[in-house]
Amino acid sequence: MDKTWNNKAWFLVLPMLVLVAFSAVIPLMTVVNYSVQDTFGNNVFFWASTEWFEELLHSDRFWEAMVRNLIFSFIILAIEVPLGIFIALNMPKKGWGVPVCLVLMALPLLIPWNVVGTIWQVFGRNDIGLLGYYVNALGFNYNYVQDPFDAWVTVIVMDVWHWTSLVVLLCYAGLVSIPDAFYQAAKIDGASRWAVFRYIQLPKMQRVLLIAVLLRFMDSFMIYTEPFVVTGGGPGNSTTFLSIDLVKTALGQFDLGPAAAMSLVYFLIILLLSWVFYTVMTNYDAER
Amino acid sequence: MARIEVNHIRHSYLPNPQKDSDFALKEVHHTFEDGGAYALLGPSGCGKTTLLNIISGLLHPSHGRLLFNGRDVTNLSTQERNIAQVFQFPVIYDTMTVYDNLAFPLRNRRVPEADVDRKVRETLDMIDLASMANRKARRLTADQKQKISLGRGLVRSDVNAILFDEPLTVIDPHMKWVLRSQLKQLHRRFGYTMVYVTHDQTEALTFADRVVVMYDGEIVQIGTPAELFERPRHTFVGYFIGSPGMNVLPVSLDGRTAKLGAQRIELPGVPKAEAGAVELGIRPEYVRLGREGMAVQVSKVEDVGRHKVVRANLEGREIAAVIGEDDEVPAEPKVRFNPAGINIYADSWRVEIGA
């Protein structure tokens with residue numbers, strides 16, 4: 001059969017192109033535009049070439065925020081993934097406990113970011129916060145407003161509280177899809193609890209775990225609202241992650257050029273990481 | 001290998017069974033002889049998988065004892081009973097190679113690696129997968145995977161029995177034949193005690209020396225394929241085995257004759273039937289369609305290949321008869337029952353026909 005060529009068909013994708021243009025391409029181009037210019041207000045711009053990019057890549061502030069962010073992502077992954085697997089393994093597989101657990105697990109995910117931040121901001125305060133007050137009453141000197149370590153602990157515990165559920169639910173979905181026959185066969189083969197986990201449960205969870213790691217890494221790498229509400233990036237700059245730094249630069253100092261350059265670099269990093277994950281996952285699928 | 005005694009076993013999935021209907025397995029009392037090939041045949045929900053899981057130890061019965069070679073194993077775990085079981089869907093360990101899959105049950109039992117290697121290679125030869133030893137198991141076809149499941153049972157030389165739970169359900173038809181004959185061959189060569197659960201009568205009849213027919217949580221008949229065909233002990237066996245199933249007609253008895261409406265059917269002897277609803281059972285293969293006998297109205301002729309199945313109406317009852325591929329249905333069709341194929345049932349259970 002001959003294919004019919006009709007270039008008018010391009011009009012069918014026009015609405016989508018317009019939408020994408022207004023939602024993504026045009027704003028992005030504006031950022032590109034800012035990143036190579038300097039302005040002192042009044043809509044007067046001066047050509048700045050790659051000055052902002054060079055400055056950014058030599059700025060300690062940027063690299064420190066980046067390192068902080070990577071450490072943060074690494075820590076929360078190291079906690080949330082094993083913890084999520086552990087909880088998922090111990091959740092009931094049938095009976096009335098299933099809906100109860102699922103609802104409990106889904107609750108933190110339904111709470112808006114800034115509300116989570118506010119909850120923990122109040123919860124951790126050592127004058128009126130339930131957690132902060134009693135931790136101090138037990139003799140620990142805990143004050144997330146002044147102590148960088150306490151601030152980190154608070155932000156990490158908050159993230160674990162908020163997002164471990166996601167890992168749990170994904171792992172749980174992987175686990176319940178394993179037919180009973182696998183466990184029965186394992187019993188007959190005399191497999192230990194560890195062997196069941198290692199050779200049945202983990203392989204079946206591998207795919208969802210990959211997705212969980214991807215989502216949690218991306219989200220934590222772009223985290224903004226919760227630490228901003230709790231610590232505002234402080235004390236000092238100790239919890240200033242990339243996005244908080246970006247907002248400080250763009251809206252606090254109103255340095256549009258450097259902020260635009262930073263946005264682009266940030267965007268490219270995220271894009272690169274997404275690509276790496278995507279490649280890993282598709283290769284993994286192809287291998288199957 | 002072991003002789004398996006199922007001693008008055010009852011099982012219920014409910015915590016407090018009261019009535020008979022609460023039991024998935026009403027009462028089973030039977031001995032599977034050492035080295036026998038048995039099929040448990042029955043419709044879905046008849047309790048055959050429950051019985052199998054009780055033998056393997058995945059379930060513990062509510063009542064009764066289970067003995068292997070005279071030793072009580074009722075409270076032993078699956079592992080301690082040393083049983084192999086092949087499930088409906090192939091169970092393989094995805095991340096392992098074929099070799100490692102077979103080695104898994106041995107390594108779990110801390111068998112020295114040299115023995116593992118010897119046994120695994122032997123088993124690979126037995127199931128014809130030697131050439132694939134180092135392939136990842138998840139890339140094999142369904143029938144190869146099912147062979148691995150079987151192999152994991154065969155690899156342990158000391159297994160007491162090999163149990164099969166509808167193992168060929170997901171296998172392509174042409175491979176079913178191959179696998180089934182390989183199973184028979186293994187059985188003949190090594191004399192394993194095998195119990196094979198299925199709802200497919202062809203599978204049961206070709207695989208087993210003795211077929212255990214189950215219905216509604218009970219064993220209704222145990223016999224060779226020929227016995228099940230010629231002398232079904234229960235009308236259910238008559239219906240369930242054979243295609244089409246046995247014709248069962250309500251009759252009243254009068255000495256050597258059975259009365260069906262206006263028709264009188266000569267019996268080979270006097271049935272020893274006491275009270276109860278009496279029925280006459282005759283397989284379509286023993287119904288002769290011709291110009292003599294009882295008048296019938298033919299409603300349908302089904303050509304099933306090697307023969308034809310004639311559906312007809314006899315005294316208001318639906319009956320089936322089998323005729324040859326080239327036979328014609330006569331203009332005024334009549335049927336006669338071959339006395340050799342007549343069985344009499346009282347309350348669904350077969351009664352002996354005396355001289």
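Predicted model: local features only at pLDDT ≥ 70, side-chain atom pairs only at ≥ 80, totals over all residues.
I begin with chain A and its helix α7. This helix covers residues 148–176 of chain A, 29 residues in total. At 1.5 Å a residue, α7(A) should span 42 Å, and its end C-alpha atoms are 41 Å apart, so the two values agree. At its N-terminal end, α7(A) is capped by Asp147(A). A side-chain oxygen of Asp147(A) lies 2.7 Å from the backbone nitrogen of Phe149(A).

Is Asp219(A) buried, partly exposed or exposed? With a relative accessible area of 31%, Asp219(A) is partly exposed, because that class lies between the cut-offs of 20% and 50%. The side chain of Asp219(A) makes a polar contact, at 3.5 Å, with the side chain of Arg216(A). On the geometry of helices in general, an α-helix has 3.6 residues a turn, so residues three or four places apart point the same way. As for a position elsewhere in the chain, Val103(A) is 116 residues away from Asp219(A) in sequence, and their C-alpha atoms are separated by 22 Å.

I now turn to chain B, and to Thr193(B). This residue is found in the loop between α6 (173–190) and β8 (194–198) of chain B. Its relative accessibility is 0%, so Thr193(B) counts as buried, the cut-off for that class being under 20%. Which residues surround it? Leaving aside neighbours within four places in sequence, Thr193(B) is in contact with residues including Met1(B), Ala2(B), Ile4(B), Glu33(B), Asp34(B), Asn160(B), Ala161(B) and Ile162(B). Gly35(B) and Gly36(B) are also among its contacts. For Gly35(B) there is a further detail: its backbone nitrogen lies 2.9 Å from a polar atom of the Thr193(B) side chain.

What is the order of its strands? The sheet is open, with three strands in the order β12-β13-β14 and antiparallel pairing. Strands β12 (252–254) and β14 (263–266) of chain B stand at the edges, each with a single partner strand, so one side of each is left without a neighbour in the sheet. Neighbouring strands of this sheet are turned by 30° against each other on average, direction ignored. The antiparallel pairing of β12(B) with β13(B), residues 257–260, extends over three bridges. Within that pairing, Leu253(B) has Ala258(B) of β13(B) as its bridge partner.

Methods:
Residues numbered from 1 in each chain as written. Chains lettered and ligands numbered in written order. Heavy atoms only, no water. Pairing = 2+ DSSP bridges. Helix = DSSP H or I, 4+ residues; strand = E, 2+ residues; numbered from the N terminus. Axes fitted to C-alpha atoms, helices over the stretch in contact; angles between N-to-C directions. Buried < 20%, exposed > 50% of the residue type's maximum accessible area, 1.4 Å probe, protein only. Polar contact = N/O pair within 3.5 Å; in protein donor to acceptor, adjacent residues only side chain to side chain. Contact = heavy atoms within 4.5 Å. Expected span 1.5 Å × (residues − 1).
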